[in-house]
Amino acid sequence: MISFINTFLSYLLVMIVFFVLIVLAVILGKKLREKKDLKDALMAENTSDESEDA
């Protein structure tokens, strides 16, 4: 019975670590994507401003 509990807790710990890593990866990916979208929007705005000036 003790070995079952130890094994269960070991797998539970591994699952929690994987879950935390997945959540962090999603949050980081979302932040990086928002930053890239903002940069692309600013570049598009600058490009349209330059074409109007010409």
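Student: What separates Asp 40 and Lys 36 in helix H1?

Tutor: About one helical turn separates Asp 40 and Lys 36, because they are four residues apart in helix H1. This is a predicted model, in which local features need pLDDT of at least 70 and side-chain atom pairs count only at pLDDT 80 or more, whereas totals for chains, interfaces and linings use all residues. Residues are numbered from 1 along each chain as its sequence is written, and side-chain values use heavy atoms, with hydrogens and water left out.

Student: What makes the contact between Asp 40 and Lys 36 a salt bridge?

Tutor: The term requires a side-chain nitrogen of Lys or Arg within 4 Å of a carboxyl oxygen of Asp or Glu. For Asp 40 and Lys 36 the N to O distance is 3.3 Å, so the contact qualifies as a salt bridge.

Student: Why is Asp 37 called partly exposed?

Tutor: Buried means under 20% relative accessible area, exposed means over 50%, and partly exposed lies in between (1.4 Å probe, protein chains only). Asp 37 has 37% relative accessibility, and therefore counts as partly exposed. Arg 33, at 48%, is likewise partly exposed. Lys 36 has a relative accessible area of 42% and is also partly exposed. Of the 54 residues of the chain, 0% count as buried.

Student: How do you know that the aromatic pair of Phe 4 and Phe 8 is stacked?

Tutor: Rings of Phe, Tyr and Trp (its six-membered ring) pair if their centres lie within 6.5 Å; planes under 30 degrees apart count as stacked, over 60 as edge-to-face and the rest as tilted. The count comes to one aromatic pair. Phe 4 and Phe 8 stand 6.4 Å apart, centre to centre, with 20 degrees between the planes, and are stacked.

Student: What makes Phe 4 exposed?

Tutor: Phe 4 counts as exposed because its relative accessibility is 53%. Phe 8, at 48%, counts as partly exposed.

Key. Helices (H or I, at least four residues) and strands (E, at least two) are DSSP runs, numbered from the N terminus.
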